[in-house]
Amino acid sequence: MAQELLAMLNAQKAWLLQPDHHQTLCCTVYTTLSIIGTHAKSNIQPNLQTDIQFCQQLLKPQFKAVATTIGRDFVRLLYAACVIHKVPEMEEFWHLLVDSTTGCVDTVLAKPTHAVFLTSRLSLELETKLHFIFHKVPIRQLRRYQSWLQSRYLHSPEQQQLLPDLIRYVCGVFHPTNEMLANPHLVPRWQMVGWWLKSVEGNQELRWMCEQAVLYDWPTFNLRRRPNPPDNLMNLEPAMLVMHQSLPK
């Protein structure tokens, strides 16, 4: 189904590039950049080449506009495609981004990525299940639901490539209420993030990407930034608590 959707969007590139559909264009680029990593780790080379060509065709006409609309997670995804997954076709965009005279990397990193992009990597079903775990599952029953989540969504190496995006969603989108934070029986975000980090200990590359996802808002965090919206302290909380809980007692 994903490839059918990509084929449909590919046939409608002219529509996507129209100014009225800029947000749809940016969501499409964000998702395509993300799944390049998934296909780079699989043996489905035709799908990878389709992803790369489609992404190139969307980025070339409006690179700077797309990058500055998505914000700092655009840098994360483009770095992963070029450096981690070693996709040479995307290197020209990395050079455009970091060029000392024409690049916009500082501007892009200064802008927090909007929730609409961070959410776009999750299916509605997966997002609903995560909300159920955080809102309803008693912490004493967490292991059972973790096992179910792992078997349903994260059991294969390709599916595990979603983990950095899951962590970015939990850090940047799902912010518990004060009532939830005060309830000692509910599952805290740091515990899910810590479990995901532990689940990839045998995969050094993926572990690094997950750790980057947890800490990604830290270097450019700013509560008073203008004209961009300010960062949110809740984006930092999972990483702080994972580190705190990992300290020797």
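Are Asp-231 and Arg-72 buried or exposed? Both are buried, meaning under 20% relative accessible area, with exposed meaning over 50% and partly exposed in between (1.4 Å probe, protein chains only). The model is predicted: local features need pLDDT of at least 70, side-chain atom pairs count only at pLDDT 80 or more, and totals for chains, interfaces and linings use all residues. Residues are numbered from 1 along each chain as its sequence is written, and side-chain values use heavy atoms, with hydrogens and water left out.

Start with the charged pairs. A salt bridge here is a side-chain nitrogen of Lys or Arg within 4 Å of a carboxyl oxygen of Asp or Glu. The whole structure holds eleven salt bridges. Asp-231 pairs with Arg-72, and their closest N and O atoms are 2.8 Å apart. This pair links distant parts of the chain: Asp-231 sits in the loop between H16 and H17, Arg-72 in helix H6, 159 residues apart. Helices are DSSP runs (H or I, at least four residues), numbered from the N terminus.

Asp-165 forms a salt bridge with Arg-121, with closest N and O atoms 3.2 Å apart. Asp-165 is in helix H13, while Arg-121 is in the loop between helix H9 (115-119) and helix H10 (124-136). Asp-165 counts as buried because its relative accessibility is 4%. Arg-121 is buried too, with a relative accessible area of 13%. Both pairs belong to a network of salt bridges, which also includes Asp-73, Arg-76, Arg-168 and Asp-217.

A further bridge joins Arg-189 and Glu-237, at 2.8 Å between the closest N and O atoms. It links helix H15 to helix H17, across 48 residues. Arg-189 and Glu-237 are buried.

Now turn to helix H16. H16 has twelve residues and reaches 17 Å from its first C-alpha to its last, close to the 16 Å expected (1.5 Å times one less than the number of residues). Its buried residues are Leu-206, Met-209, Cys-210, Gln-212, Ala-213 and Val-214. Their cover includes helices H6, H12, H13, H15 and H17, counting contact as heavy atoms within 4.5 Å.

Leu-215 is also in H16. Leu-215 counts as partly exposed because its relative accessibility is 36%.

Last, the cysteines. A disulfide is a pair of cysteine sulfur atoms within 2.5 Å. The whole structure has zero disulfides. For Cys-82, the nearest cysteine sulfur is that of Cys-55, 9.9 Å away. Cys-82 counts as buried, at 8% relative accessibility.

How values were computed: Helix = DSSP H or I, 4+ residues; strand = E, 2+ residues; numbered from the N terminus.
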